[in-house]
Amino acid sequence: MDKTSIHPLWLRIIHWSNAVAVVILIMSGWRIYNATRFLHLYIPGTNTRLFPNEWTLGGWLGGAIQWHFAAMWILMANAVLYLVLFLITKRSKQFLPVTPQGLWDDIRAFVNGRLSHADLRQYNAIQKLAYLFALADMIVLIASGLVLWKSVQFGWLRVLLGGYETARYIHFLAMTGLCAFIIVHVVMALLVPKTIKAMLWGR
Amino acid sequence: MTRDIKNDEEAILKEANGLLKDPAKRRLLGNVLTLGGLSLATGIALNHYGSVREILKAVSRFNDGAQGLIFNPDALAPTYSEADIKEPFPFNAFYSVDKAPVVDPGSFRLALAGKIADRRPWDLPALYALPHTEQITRHICVEGWSAIGRWGGVVFSEFLKRVGADTTCKYVGFKCADGYFTSIDMPTALHSQTLLAFTFDGQLLPAKYGFPMKLRMPTKLGYKNPKHIVEIFVTNVYPGGYWEDMGYNWFGGS
């Protein structure tokens, strides 16, 4: 097997610091949501409204906001760094293009249990799509977050996203999308543990 | 030292040597030690919850500075039509609506302090005689709800000019009849949409909305908009605020 690194150091640093930031942002975000629960969401099969305070970070609204607006900088810095390096390195070639034929072939392979993870350098079409979704979803999260934080200063973005109140729903929906991605991502990584090793040590 | 222990020592050293000779194993060991050290260090930091709180407070102050830089004095908050006004407009304070302070309009005097040239107190008729502006804007609460209302009063920068406030100072502070207090940055105080408001929806401000006056800023969150103002002061010394001192972000602007 090729001994060179699968994931360069810059990517691993961004991945893990972002993982920490995203967990902080989601847990503190749930606490902020709890101050005005604008959706009628319950833990399925119970009378407990989302999100139980034990799942959240910050202890109270003010504390949660402090966590949220501290971790925000890590996410923003990572987003800028990642997009720049995504464009100037060959990294984008791992994700693009995703063709309908390739996707169809890989879905069939997956259903038949023949989807392989032998070469960690080679993403299959489903992986490519999942990672591109996570990227796009995080861009939506940052954009809607900017509108909620600075609706006057980023007036054009507020108009683009359909107004301040709509941005709140978009931010929540994008959070849900990211949670879904994280669940699948973590389950898949645990099923193929060498991917975790590769993301930690580079190979 | 007994023979048994000596044997153990040799065995341990032998095993460690084996581990250290294989480059892959050595790297793994090094990484595990680094991870352990890191988690120990962060674990200690997290145990001292006080220090985490200090870091978060420092970041919040950093965010005040960042928001000051982002703030564009010419960027205007959107305005709305009469039909968008929320009825009834929500009441929100750190007490229930029946505890809203009762201010006697006859004896009321607005006090001025700090870096202001003319610090003579103002009575209500004099304040009501100031040029009047009406504005329909969205009030955004830190709790995550928002509501559109119509406020009327004097453009605050006009009032500051009339009393000879030193607008090179950093802060404008407010003391309120209910014990509330807060402070804002000078650029926001001078923003064209910042009103010293005496009316809500065309009527004198009722007690629940802040009689006799509130500072209405559509560029800031609700807790930055003080109600029942009894004193205004201009200063270069950071005055903090009721919620801000407990951890809400001081700039609190949108």
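Strand β6(B) is joined to strand β8 (residues 214-216) of chain B by 3 bridges, and the two run antiparallel. Strands (E, at least two residues) and helices (H or I, at least four residues) are DSSP runs numbered from the N terminus, and two strands pair if DSSP finds at least two bridges between them. The model is a predicted one, in which local features need pLDDT of at least 70 and side-chain atom pairs count only at pLDDT 80 or more, while totals for chains, interfaces and linings use all residues. Residues are numbered from 1 along each chain as its sequence is written, with chains lettered from A and ligands numbered from 1 in the order in which they are written.

| Partner of β6(B) | Bridges | Sense |
|---|---|---|
| β3(B) | 5 bridges | antiparallel |
| β8(B), residues 214-216 | 3 bridges | antiparallel |
| β7(B), residues 203-204 | 2 bridges | antiparallel |

B:L196 is the bridge partner of B:V154 and also of B:L215 in β8(B). On the β7(B) side, B:T199 is bridged to B:L204. A hairpin is formed by β6(B) and β7(B), with 2 residues between them; in its turn, B:D201 has a positive phi of about 55 degrees. Of the 6 residues of β6(B), 5 are buried, a term that requires 20 or more other C-beta atoms within 10 Å of the residue's own, C-beta atoms being placed from the backbone.

**Nonpolar cores**

A nonpolar core is a set of buried Ala, Val, Leu, Ile, Met, Phe, Trp, Tyr and Cys residues joined through C-beta atoms within 7 Å. The largest has 32 residues, and B:F156, B:V172, B:L195, B:L196, B:A197, B:L205 and B:I232 have the most contacts inside it. Elements supplying at least two residues each include β3 (146-155), α5 (156-162) and β9 (229-235) of chain B. The largest share, 5 residues, comes from β6(B). B:F156 touches B:A189, B:T194, B:L195, B:L196 and B:L215, not counting residues up to four places away in sequence. Apart from this core lies another, of 24 residues, among them A:W67, A:L141, A:L178 and B:W243.

**Contact between the chains**

Contact means that the C-beta atoms of two residues, placed from the backbone, lie within 7 Å. In these terms, 23 residues of chain B are in contact with 21 residues of chain A. On the chain B side, α3 (49-70) and β2 (133-140) give two or more residues, and α3(B) gives the most, with 5 residues.

Terms used:
Buried ≥ 20, exposed ≤ 12 C-beta atoms within 10 Å, placed from the backbone.
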